[in-house]
Amino acid sequence: ADNRLITGSGTANTLNGESNLIFDGSKLLLGATTSAAGSLVVKDTAGNQIWTVGRASDGNASISFRNNADDAYNGRIAADDSTGMDFEVAGTQRMLIDRSGRVGINTTTYNSGEELLVVEGASNQNVILGLKAGSTTQSSILAFHDTSGTFKGRVQYDHNGDNLRFFANDVEKARL
């Protein structure tokens, strides 16, 4: 009604104008009055926005998270037929899941076609992958198994005994 989404409350037969709702040609706007690119825009009272954009012409689709301070997006998830799914923060790509299923964090470069996960730090910075567990439990990397699903090798830290353990053929071979 009058470009507002209306809800009823209780049995008092009252109607509340909750938010702007505008159908602008091919775009649906909720809480927003205009849209630059989004085919669905949801905007809160502070001006923060979520946009969805899909373009059949080039195989791209995205969801953008924007604030009311500027036109730049704070975060974006984009899917592309040719590259895969891209996760961006403050205009910079932070993670890519490519069409082959490989995951790159802070990188889109793989040393071989067999790498499934690559984590790259910024120039001259250490790369740390943290596994956190309770003080009496274990943190493990169970990354060495065959197609049967049986883990043959693992690296495990036992927080209860403060041991770093190495397993081969599912048998402990070394302990530090």
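Two strands are taken to pair if DSSP finds at least two bridges between them, and strands themselves are DSSP runs (E) of at least two residues, numbered from the N terminus, with helices (H or I) needing at least four. The structure described here is a predicted model, in which local features need pLDDT of at least 70 and side-chain atom pairs count only at pLDDT 80 or more, while totals for chains, interfaces and linings use all residues. Residues are numbered from 1 along each chain as its sequence is written, and side-chain values use heavy atoms, with hydrogens and water left out.

The chain contains 15 strands and zero helices. Its mean pLDDT, the predictor's confidence in each residue on a scale from 0 to 100, is 74, and 62% of the residues reach 70 or more. Among the elements, the lowest mean pLDDT (50) belongs to strand E2 (residues 14-24), and the highest (93) to strand E15 (residues 171-175). Where pLDDT is low, the predicted coordinates should not be read in detail. Of the 176 residues, 23% count as buried, a class defined by under 20% relative accessible area, with exposed meaning over 50% and partly exposed in between (1.4 Å probe, protein chains only). The accessible surface of the chain amounts to about 12,000 Å², and carbon and sulfur atoms supply 52% of that surface; these areas come from the Shrake-Rupley method with a 1.4 Å probe, and for residues only the protein chains shown count as cover. With contact meaning heavy atoms within 4.5 Å, residues 24 or more positions apart make up 3% of the contacts in the chain with a separation of 6 or more.

Strand E8 (residues 84-89) pairs with strand E9 (residues 92-98) in the antiparallel sense over six bridges, and Phe87 stands opposite Met95 in E9. Two residues lie between E8 and E9 in their hairpin, where Ala90 in the turn has a positive phi of about 50 degrees. E9 in turn runs antiparallel to strand E10 (residues 103-105), joined by three bridges; here Ile97 has Val103 in E10 as its bridge partner. The hairpin of E9 and E10 has four residues between the strands, and Gly101 takes a positive phi near 90 degrees. Beyond neighbours within four places in sequence, Val103 is in contact with Met95, Leu96, Ile97, Tyr110, Leu116, Leu117 and Val118. Val103 and Gly84, 19 residues apart in sequence, are separated by 10.0 Å from C-alpha to C-alpha.

Strand E12 (residues 138-145) and strand E13 (residues 151-158) pair antiparallel over six bridges, with Gln156 in E13 as the bridge partner of Ser140. Five residues lie between the strands of this E12 and E13 hairpin, in which Gly149 takes a positive phi near 90 degrees. E13 is also joined to E14 by six bridges, the two running antiparallel, and Gln156 stands opposite Arg165 in E14. In the hairpin of E13 and E14, four residues lie between the strands, and Asp162 takes a positive phi near 50 degrees. Asn163 belongs to strand E14 (residues 163-168) and is buried, at a relative accessible area of 15%. Apart from neighbours within four places in sequence, its contacts are Gln156, Tyr157, Asp158, Arg175 and Leu176.

Charged side chains come next. Side chains of opposite charge can pair when their charged atoms come close. A salt bridge is scored when a side-chain nitrogen of Lys or Arg lies within 4 Å of a carboxyl oxygen of Asp or Glu, and the structure holds five salt bridges. One of them joins Arg102 to Asp98, with the closest N and O atoms 2.7 Å apart; both of these residues are buried. Arg165, Glu172 and Arg175 are linked in a network of salt bridges. Arg165 counts as buried because its relative accessibility is 14%, whereas Glu172 is partly exposed at 26% and Arg175 is partly exposed at 46%.

Finally, Leu117, Val119 and Val127 make a nonpolar surface patch of about 250 Å². Patches are made of residues with over 30% relative accessible area and no salt bridge, like charges being joined within 9 Å and nonpolar side chains (Val, Leu, Ile, Met, Phe, Trp, Tyr) within 5 Å. Val119 is found in strand E11 (residues 117-119) and is partly exposed, with a relative accessible area of 39%.
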